[in-house]
Amino acid sequence: MPICVLAQEQPQVYYSKKHLDTNIKAEYTFKEKVTRKRPELLAKLKKKKQKLSAKLQKKGSVTHVLNSKIPKIELTSNTVSKVSLDWPHEEQGRVKQRVLYQIHTDVIAIIHIKSWQLREQDSLLLYDITYSDKGLNAGVNTITLNIEKGGGNRYVDYSFLEVIKKLGEVPPGMYVKSIDVITDSGTNLYKKLFYNEVDSAIGKGSILKTDINDQLFNKKERRLFDKAAKRIKLKQGNSLNKQLSYIQTQNLNNKLKNKGYEFESVIEHGRSYTYVYYKSWFVGKYELFEKNKLKEKIRLEELDLDRRPFNLNTPSLPNYTTISGKAKKTFKRGKEREESRGNIDIASYFGNDQEPGSQQDNSYQEYYGDLHTKVIGLPIYIEGYYTSQDKGRQAKASFIRFSYDVSEAKSQLSEHVSGYKNAYTQSFSKLKGMNNVYGTYIKQLEKYLVQQKLAFQADYEVDMSGWNSTENGLNTVLTELPDSSDSIYGKEKRAELERRYKKIQTTRQSIDKYKKLLEQWENSLFFDSSLSYEPLSSLSMENNISHKRLAKASKHILPEGANNSFLAGLTKLNIGVINEYESKYTMAGQTLRGGSVGYDFGYVTVVGALGKTEYVNREGNVDKYNSYLIGFNSLIAADQTVGLNYYTYKADKGSLSSPNFYQDVTRQPTTIEPVSVVSLNYKGVITDRLLITSEGAVSYRNHKFRQSDLSLNNSAINLNVSYVIPKTPITVEGELEQMGKNFENQSLPYIRSAIERYMIAGKADVLKSFLTLGVQFNYMKQKGFTSVGHSRKWGFDIKTNSKRYPNIYVSYKPFSTFRSYDDTLNINQRPLFGEVLLLRGNYQYKRRKVVHRFIAAFNKNKTVFDTAKYNSNTLQLGYIYSSSKNIVHVNAGWLSVPQQNSIGPSDSYFMDVGYSRSIFKNVNINLGQGIALASFGVQRTTSTIGSSYSFERMPITLRVSVRYSDIKITEQSANQKIWMGNLAANWRFKYKNINSKNH
């Protein structure tokens, strides 16, 4: 453990005083005795005390204690109690110094900061700067000072600042920093020295290490290195290490000298290093290995940083800094490594005819692309799709959308917060160990110091109790010794005395050093706890924390510019073909061609949406509505949210002009009038076990609300309550819904009116969560023009959860929505309302490198209370065999659709077999054969062959496939022989974001 002699703190005045505008109680305190040898200091302090006392007396009500020998100032309410200095860091092109402080009142102060690098013979002054008129706010806070533009620059070594800008790091070495906080009246609020040390090993994830790693494993340079390494035919050992180190170092010199680096090959204790210099500064050493070992080491470091981004370096006592300072650096590193990624897929289909019942052309093209990137710091997702089939369609399938991915932004910030909290917890635990280790070491040094002093006093018969400095103490001893300069013995004795005395001083300074280092660590953790850890921990106890609140609580662990308060308040931003959900009775997941935006103003979140809602009605025609929404949501208490929505829609002119628009029986002649819906909703979590969700809505026409509209006939009410029974695995849920016969919202995905519905359900996880049981009772009453219908049905679901045994799922839902078989194949229409029975089972069996998977499923759908009559049954059995190169799948089943709902026979049986194999490293081939049987015989046979090729050095995949089908749709129809081909290409790309710093 190195012991370094450090400069000692000078006698200082500790004070804390309220601003001169207020009444203060003050007393003077001096930390050390002012000796008789320094009368000029005593006189200066007395004069300062009298001047301050006179100023305070003019303000009235001042008490102070005077002592002619030891002046005292006792300040009880406004002392700066703690200060911590982070490492200088680069932010927005400037080198800055963050000061963390605790003060009990607001004050205007002068801040004086100095920094040295300690070297073998002397110390190098790095900067000496004074900042005037800096406002320090009461409490625990931070202030960031620009080292390059201090208000009173005395001295700045700009070459030192250039290293920090270039590398984002402080060069290796031992550093001493001092800070003086002084009032405008000249009184010292705080004076402190800080000791820090930077290890010479280049840290993980640093800019310099990334540059070196990239250079050593650049493909072109790696080949040159491999060729040079093969020419070395020496014995294994230091000679080989030296020559390999020389080759790698020369490679780095040749390729990175344009960035200002110089490299020197060094062998230390049989290990190869390259020493790195930036201009006149030594900036670290990089350990070199042979190619494969170095590659593995780099891979493991990168993997460690991806898993634990805060593990940039191992905190130790000398190089410790605040976790919030490290968090800023970690977040910045993550920003600099950000990449945009995307995917482009182009496909062309061609054939000789259309399949029966299909609405697809026989020849068409499809283009798809997506991009995940960042714009002004916002994660943006862009997605687009185009098909040439849209040329002859009413309902267009092509779309493009731009979305602000708020969940991604919040996820990234939450991950950063989690990393910070884990790092803080680890540092706090490590401090306890440091206190034990260094506490024991300090006690040993103190015991050794006592022994040294006693031995020294006994040998030289001197009193050491009053010695405070090396020079004065040694001079005192020397003046008391007899003059024996002519004696050789006397000179030797004086040299021995001086050596022993300096050894005592070194021990004392070591004790002082490690006490201060422990104090620095404790102070740093105090500021981490007060400014970041406690606010984030208290916030994490809440549910559904907004991104804005999380960003506000994280401001001390984010760099300047990263915590944009305006952008953090953005809750959504979507443009294009989007799906929006605001409430059950307003905008409830409709497909909207338009845009939406949401913003969190703190007490209220405002959302807005406008565009065109499109639906394909039961007759296959497109209904279009112009829709508008504005909503307000407010967090009235913890986990208690209230929302108010105003929604209006109107059939667009194009739809009104179409004769098909009025064919739907649910339309009324008054559809041309705009319909408005006002909705009030509430969601709240009570006692962590009770969840209540409710909504009430009223609709009216032509934007004219009348008192008569506020009735049950024009209203919709929904209340849902979920409760977890204490000390049981049981959750019960109840829901009631009432919709008046005159309540309107034709743009809803599913239209229902004049109903009363009640539901009660229970769910439990039993047998150590192996089995999930659920039961549900539904009651619904619907009033028609001439009659009233009732339905009472029970539903249930049973599910097993196991990785060892087969999983079974059985579900019967008597009040569900589903899509018809024809919808599934061709186009999404409004869903049907009915009962759904689902039985599913699967089992996976692994053996060595082979996986067997068995699947069985049965589905039964039937309409209930719907204008359309429909039912279907599907049974499927499947098996999948997977190995490293081969995949085989078999699928067989039965489909039953009534004749009136299908163009083909009521019942058909089918079987498909597929095989896929990787025949080369980048080539895959697929084969498939299918057959379908009906009552009259073979209904369909289909043969498929396809292949794909992935380029080794480019992220591009090519696909080709051909399918041949022989179809006989009914017994009377003729066979149709249809062939179809497909050519496609997929390109996956990524690039470094333009806002990432290019070093």
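**View 1. Three strands make an open sheet in the order 10-11-12, with antiparallel pairing.** Strands here are DSSP runs (E, at least two residues; helices are H or I, at least four), numbered from the N terminus, and two of them pair if DSSP finds at least two bridges between them. Strand 10 (261-268) and strand 12 (281-288) sit at the edges with a single partner strand each, so one side of each has no neighbour in the sheet. On average, neighbouring strands of this sheet are turned by 25° against each other, direction ignored. This is a predicted model, where local features need pLDDT of at least 70, side-chain atom pairs count only at pLDDT 80 or more, and totals for chains, interfaces and linings use all residues. Residues are numbered from 1 along each chain as its sequence is written, and side-chain values use heavy atoms, leaving out hydrogens and water.

**View 2. Here's how strand 10 and strand 11 (residues 271-278) pair: antiparallel, over 8 bridges.** Look for E262, whose bridge partner in strand 11 is Y277.

**View 3. On the surface, Y909, M911, V913, I931, L933 and V938 form a nonpolar patch.** Patch members have over 30% relative accessible area and no salt bridge, with like charges joined within 9 Å and nonpolar side chains (Val, Leu, Ile, Met, Phe, Trp, Tyr) within 5 Å; a salt bridge puts a side-chain nitrogen of Lys or Arg within 4 Å of a carboxyl oxygen of Asp or Glu. Strand 34 gives the most to this patch, with 3 residues.

**View 4. M911 lies in strand 34.** Its relative accessibility is 39%, so M911 counts as partly exposed (buried is under 20%, exposed over 50%, partly exposed in between; 1.4 Å probe, protein chains only).

Terms used. Areas by Shrake-Rupley, 256 points an atom, 1.4 Å probe, with all protein chains shown as cover. Axes fitted to C-alpha atoms, helices over the stretch in contact; angles between N-to-C directions.
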